[in-house]
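Look at the structure below. This report covers its pockets and its ligand.

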Amino acid sequence: MSEVTVRETLAGAVSEIAAAGCATPRLDAEVLLAHALGVSRERLLCEGSAVVGAEALPAFRRAVRRRAGEREAVAYITGRRAFRRLELAVDSRALIPRPETELLVEAALALPTRAHVLDVGTGSGAVALALKQERPDLHVTASDVSQRALSLARENAARLDLDVRFVCADLLDGLDDPYDAVLANLPYVADGERAGLAPEIVRHEPVGALFAGADGLAEIGRLLAQLKRRTSVELVALEVGAGQAHAVATRTRAAGFATVRCERDLAGIERVVIGLERRR
Ligand SMILES: C[S@@+](CC[C@H](N)C(=O)[O-])C[C@H]1O[C@@H](n2cnc3c(N)ncnc32)[C@H](O)[C@@H]1O
């Protein structure tokens with residue numbers, strides 16, 4: 001077998017990934033080759049003329065096939081995703097954490113010392129674990145209705161040595177502790193939007209993490225209805241889809257939060273609705 005350089009290997013993979021219609025073929029190829037070689041992407045880019053060892057090529061070719069052929073996201077292929085200061089393990093048991101979800105962590109950073117926080121629909125554990133890492137004094141509970149997601153979240157907590165309590169529950173059912181704050185990135189895609197989703201999402205991410213009824217607000221709406229009776233909760237932060245912030249803000253006020261504001265993500269979309277100052 002003839003020897004191939006990093007540059008040649010990347011060029012072939014970039015063409016294959018681009019031909020499949022992926023948005024960032026060069027970045028994807030670089031991350032996948034760096035992963036197959038066990039080096040950082042920065043180091044890979046400094047070594048374009050180096051020969052790719054024969055032992056790394058089969059794994060890299062399998063990775064490119066998954067990316068281009070199956071349209072799996074790079075994070076599922078490498079099994080890793082950065083979220084705030086953490087590197088989380090990710091796989092098909094849970095949604096890949098998105099950068100905009102970091103706003104939920106930011107919303108909780110100024111909570112009083114030793115406050116009790118609940119992350120509803122924790123998935124990989126991203127929000128709960130990042131918050132615990134940045135505010136170790138907080139008592140953090142993470143819940144999910146999916147046992148599969150919870151098993152991944154527990155593995156992440158153990159590997160990162162972060163003390164978060166995990167509970168399997170449908171929203172707040174059975175979670176009777178008087179929480180001070182509730183954070184949630186629940187499913188918010190309308191059922192009818194399935195056809196418009198990227199193959200990376202619709203083919204590979206858990207269906208229970210995505211869809212929430214005709215308007216996408218079924219789960220968020222149920223949570224806010226439950227929160228109306230949970231008067232210990234002084235702060236709620238809810239991630240929403242594009243165009244949903246106004247409707248969710250109205251329901252947040254109706255749930256008894258006197259002050260409601262929205263935080264925009266880096267794309268300028270109103271992404272997180274925050275309710276404060278509880279009316280009793
Ligand atoms: C959009 S994913 C978010 C995962 C994670 N919080 C993140 O941001 O990466 C939504 C999560 O909510 C969970 N979920 C859906 N319906 C739920 C419910 N009724 N009660 C609790 N969790 C639910 C799903 O299993 C999934 O893990």
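The sections below take the pockets in turn, then the ligand.

## About the model

This is a predicted model, where local features need pLDDT of at least 70, side-chain atom pairs count only at pLDDT 80 or more, and totals for chains, interfaces and linings use all residues. Residues are numbered from 1 along each chain as its sequence is written, and side-chain values use heavy atoms, leaving out hydrogens and water.

## The largest pocket

Its volume is about 880 Å³. A pocket here is an open set of points on a 1 Å grid over the protein atoms alone, where a 1.4 Å probe fits, with protein on both sides within 12 Å along at least five of seven lines. The volume is the space filled by probe spheres set on the points.

The lining has 47 residues, with L95, N185, L186, P187 and A209 closest to the centre. A lining residue has an atom within 4 Å of a point. Strand 3 (116-120), helix 7 (126-134), strand 4 (139-144) and helix 10 (218-227) each give two or more residues. Helices (H or I, at least four residues) and strands (E, at least two) are DSSP runs. By type, the lining holds 23 nonpolar, 11 polar and 13 charged residues. Gly counts as polar; Asp, Glu, Lys and Arg count as charged.

## The second largest pocket

This pocket has a volume of about 450 Å³. It has 20 lining residues, and R67, A73, V74, R81 and E200 lie nearest its centre. Helix 2 gives the most, with three residues. The lining divides into 11 nonpolar, two polar and seven charged residues.

Domain 1 (6-71) and domain 2 (93-278) each supply at least three lining residues. Those bounds come from an automatic or database domain assignment.

## The ligand

A polar side-chain atom of D144 is 2.6 Å from a ligand oxygen atom. In D170, a side-chain N or O atom lies 2.8 Å from a ligand nitrogen atom. For E219, the distance from a polar side-chain atom to a ligand nitrogen atom is 2.9 Å. Polar contacts are pairs of N or O atoms within 3.5 Å.

Methods:
A polar contact is a pair of N or O atoms within 3.5 Å; within protein, one must be able to donate a hydrogen and the other to accept it, and residues adjacent in sequence count only if both atoms are side-chain atoms.
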